[in-house]
Amino acid sequence: MLTEKEMLNIAELYLKKIGEDGNEAMLYNDDTIKKPYGNIYLYNSKKFILTGDFKYAFGGNAPFLVEKETGRVVNFGTAGRLEDYVKSYEDGTLGLCLTTYWYPDEDRFDYK
C-alpha cells in the first residue's frame, strides 16, 4: 500500500513523461481527488497554471489515477465526464488502448 507521498512521486514522474514540446507539466495540487483505491490527479502546463495564458494550455490533458496498491497509472479520457471514467474504472468497464496503463517501475505503457 503506497503512501500519499509515494503516489504523488509517481504522479510527478508520470508528468515528466508527458510534457509537450519542452512545456513542463504541473499538477493542480488542490484538485487531487482521493479515492480508497488511489488518487486522481489533474494537470496542465506549468506555464498555463502560473500565468493563466491559454496559449500555454495543454490540449487533451486527461486526468489520471495512481493506484494505491500497485502504483500503476491509469489514464482516463477527455471525451466524456471524469465521473463516467471513474465509474467505468470502478466497475471494470474502462475502455482500453495501448496507453491506458503506465507502469512506473518498468517505464512502459500497456493496455492491461
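The report below covers some strands, salt bridges and a surface patch.

## Before we start

This is a predicted model, in which local features need pLDDT of at least 70 and side-chain atom pairs count only at pLDDT 80 or more, while totals for chains, interfaces and linings use all residues. Residues are numbered from 1 along each chain as its sequence is written, and side-chain values use heavy atoms, with hydrogens and water left out.

## A strand covered on both faces

Begin with strand β5, residues 64-67. Helices (H or I, at least four residues) and strands (E, at least two) are DSSP runs, numbered from the N terminus. In a regular strand the side chains alternate between the two faces of the sheet. In β5, F64 and V66 are on one side and L65 and E67 on the other, and all of them are buried. Here, buried means under 20% relative accessible area, exposed means over 50%, and partly exposed lies in between (1.4 Å probe, protein chains only).

Which strands pair with β5? Strands are said to pair if DSSP finds at least two bridges between them. Strand β3 (residues 38-41) pairs with β5 in the antiparallel sense over four bridges, and N39 has V66 as its bridge partner. Strand β6 (residues 73-75) also runs antiparallel to β5, with three bridges joining them; in this pairing L65 stands opposite V74. The hairpin of β5 and β6 has five residues between the strands, and G71 takes a positive phi near 85° there.

## R72 and its partner

R72 sits in the loop between β5 and β6. Side chains of opposite charge can pair when their charged atoms come close. R72 forms a salt bridge with E67, the closest N and O atoms being 2.9 Å apart. A salt bridge is a side-chain nitrogen of Lys or Arg within 4 Å of a carboxyl oxygen of Asp or Glu. Both R72 and E67 are buried; for R72 the relative accessible area is 18%.

Leaving aside neighbours within four places in sequence, R72 is in contact (heavy atoms within 4.5 Å) with several residues, including L65, Y101 and W102.

How many salt bridges does a search of the whole structure find? The search finds eight. In one of them, D110 and R108 meet at 2.7 Å, N to O. D110 lies in strand β8 and counts as buried because its relative accessibility is 15%, whereas R108 is partly exposed at 30%. E106, R108 and D110 are linked in a network of salt bridges.

D53 and K55 form another salt bridge, with the closest N and O atoms 4.0 Å apart. K55 belongs to the loop between α2 (46-51) and β5. Is K55 buried or exposed? K55 is exposed, with a relative accessible area of 62%, while D53 is partly exposed at 31%.

## Two tyrosines

Y101 is found in strand β7 (residues 101-103) and is buried, with a relative accessible area of 9%. Not counting residues up to four places away in sequence, Y101 touches a set of residues that includes R72, V74, D110 and Y111.

Y111 comes in the segment after β8 (108-110) and is partly exposed, with a relative accessible area of 38%. Together, L96, L98 and Y111 make a nonpolar surface patch of about 340 Å². Patches are made of residues with over 30% relative accessible area and no salt bridge, with like charges joined within 9 Å and nonpolar side chains (Val, Leu, Ile, Met, Phe, Trp, Tyr) within 5 Å. Accessible areas come from the Shrake-Rupley method with a 1.4 Å probe, and for residues only the protein chains shown count as cover.
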